[in-house]
Amino acid sequence: MTAPRSAGRSPGGPRPRTSYRCTECGGGSPAWVGRCPGCGSWNTLVEERVEQGSSGGSRRLRAVPTPSSPAVPIAEVDLTTFQPLPTGVQELDRVLGGGLVPGSVTLVGGEPGIGKSTLLLQALGGLAVRGTALYVTAEESLQQVRQRADRLGALRPRLLLTSETDLGAIVAHIEAVAPAVVVIDSIQTVFHPDLASAPGSVAQVRECAAALVAEAKARGVAVVLVGHVTKDGALAGPRVLEHVVDTVLTFDGERHHAVRVLRAVKHRFAGTGELGLMEMTGAGLVPVDDPSSLFLADRRAEVAGSVVVPLVDGHRAVLQEVQALVVPARGQAYPRRAAEGLDVNRLAVLLAVLRNHAGCDTSLAEVYTSAVGGVEIRDPGADLAVALAVASSLVDRALPPDLVVVGEVGLGGEVRQVQHAERRMAEAARMGFSRIVVPLLSPEPPPGITAHRVGNLRQALVLCEVGSRSPGPW
Ligand code: TYD
Ligand code: MG
């Protein structure tokens, strides 16, 4: 922390220097090139003007002298200041493993309109019961936020609002109010006065985040940064920000669908497996208490191409429907493959395995697949369900309605063991399914459900009555 602070932009002051920065990886380049030398992305370098002497130096605005303390034996480190502060928003606390940790920095990313401001205002309402909470609304007016807080039941005397975009003013507010928690909504609208580049640029976002991290650590305040994601799903300056913060949460779902999913991509204080499920209602976000019922509510079991799979995220098993629609390709050289809420590359692998190991050929067909409910599926245990949904649509025959399936599919067509098989079977039984197709080595099922063990995809297709060597009904 030795570099001098910028002395303004007078002729005698430091001259701005132009450099270029990649919006994908945050890597720098002294000259503009079409392809980022760091990550290989095309057309991602943007101009950035940096004041000489401002980069790499002290990121805190005020030089607050901190007395250096001696190193302490590890067992004597005090954990009392490390206790998470519960937000009272059940699903947020679940994902965080209890709440926001003092002195930590959490980045909440999501598309505009998904409900980030709503989530955090609700959380601040809960936190302000026990301590002072500061909400820096750099996007909405104070009146708008108050109106929203009214509806969310978050009007608390210790919830303080300010609408600032200058980082210096924000830090001054933090100093004046000494809150336990501060939310910056959003990091893309805040600007560091020492930098010439526009708010939202990679340089601004990175420097502002770094300055706020320094404030969080120095003052023990829990800082939450809201970050809008770009249309292709990346946070502005993603890698840079993910490195400087302690926790990265993503908040997603389909804007026109009520279900919202909160996940931890990175979390220094607990695991990242826990999933938060909420519904956007007129009175804000409410937890989804029975996700399986919600996801299966609109299901029509008699339609070909629909398969139910028990998935596990964190501590919870959830039944989800996977759908496929297979239609003739009408002579296109490369028939379309689409996967909504599923990995399209994984779909390509499964189609190849279906063709080579199960006699189910979709090479002349368009294949559309979808995870119903607006929730993205990452569990490899969904492989078998996706493969069976494709086969079912191809032969235009529905699976038996009392059946769910789970298993990972290998390149040799084998059905592989999945984690937490008992929990998955128990959830299927709870939801009234009487049969489950599982990998060979699965444990015994709980009462009320019968397990059908399969070693490979072909056996699964026969068992589910969708096996066929013919290319389909067309
Ligand atoms: P918002 O939190 O503003 O999203 P973001 O901060 O991610 O851009 O909320 C987005 C939408 O949520 C908005 O279109 C209105 C809707 N909404 C509700 O349906 N109910 C509510 O109680 C609130 C506060 C918002
Ligand atoms: Mg917002």
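Is C464 buried or exposed? The close-ups below start from this residue of a predicted model.

**View 1. C464 sits in the segment after α11.** C464 is buried, because its relative accessible area is 0% and buried means under 20%. Helix α11 covers residues 457-463. Set aside the neighbours within four places in sequence, and C464 is in contact with L388, L399, P400, L403, V405 and V437. One of these partners is L403. C464 and L403 lie 61 residues apart along the chain. Their C-alpha atoms are separated by 8.2 Å.

**View 2. H357 is a residue of helix α8.** H357 has a relative accessibility of 31%, so it counts as partly exposed. Partly exposed is the range between buried, under 20%, and exposed, over 50%. Beyond the neighbours within four places in sequence, H357 is in contact with L411, G412, G413 and R458. Take R458 from that list. In sequence, H357 and R458 are 101 residues apart. In space, the distance is 6.9 Å, C-alpha to C-alpha.

**View 3. An open sheet is built from 4 strands.** The strand order is β13-β14-β16-β15. The pairing is mixed. Strands of a sheet pair through backbone hydrogen bonds, either parallel or antiparallel. Look for the edge strands, β13 (306-313) and β15 (337-340). Each of them pairs on one side only. On average, neighbouring strands of this sheet are turned by 20° against each other, direction ignored.

**View 4. Strands β13 and β14 pair in the antiparallel sense.** Strand β14 spans residues 316-328. The pairing of β13 with β14 runs over 8 bridges. Find D313, then look across to β14: the bridge partner is R316.

**View 5. Helices α8 and α9 pack against each other.** Their axes are 10 Å apart, and the angle is about 60°. That angle makes α8 oblique to α9. The crossing is right-handed. Which residues meet here? From α8 come R346, L347, L350, L351 and L354. From α9 come D383, V386, A387 and V390. Sorted by class, this contact has 7 nonpolar, no polar and 2 charged residues.

**View 6. Helices α4 and α5 cross at roughly 15°.** Helix α4 covers residues 167-177, and helix α5 covers residues 202-219. Their axes come within 11 Å. Angles under 35 degrees count as roughly parallel, so α4 is roughly parallel to α5. The crossing of α4 and α5 is right-handed. On the α4 side, the contact residues are L167, V171, I174 and E175. On the α5 side, they are C208, A211, L212, E215 and R219. How many residues of each class does this contact hold? The count is 6 nonpolar, no polar and 3 charged.

Technical notes. Residues are numbered from 1 along each chain as its sequence is written. Chains are lettered from A and ligands numbered from 1 in the order in which they are written. This is a predicted model: local features need pLDDT of at least 70, side-chain atom pairs count only at pLDDT 80 or more; totals for chains, interfaces and linings use all residues. Side-chain values use heavy atoms; hydrogens and water are left out. Two strands pair if DSSP finds at least two bridges between them. Helices (H or I, at least four residues) and strands (E, at least two) are DSSP runs, numbered from the N terminus. Axes are lines fitted to C-alpha atoms, for helices over the stretch in contact, and angles run from 0 to 180 degrees between N-to-C directions. Angles under 35 degrees count as roughly parallel, over 145 as roughly antiparallel, 65 to 115 as roughly perpendicular and the rest as oblique. A crossing is left-handed if the near helix is turned anticlockwise from the far one by less than a right angle, and right-handed if clockwise. Contact means heavy atoms within 4.5 Å. Ala, Val, Leu, Ile, Met, Phe, Trp, Tyr, Cys and Pro count as nonpolar, Asp, Glu, Lys and Arg as charged, and the others, Gly among them, as polar. Buried means under 20% relative accessible area, exposed over 50%, partly exposed in between (1.4 Å probe, protein chains only).
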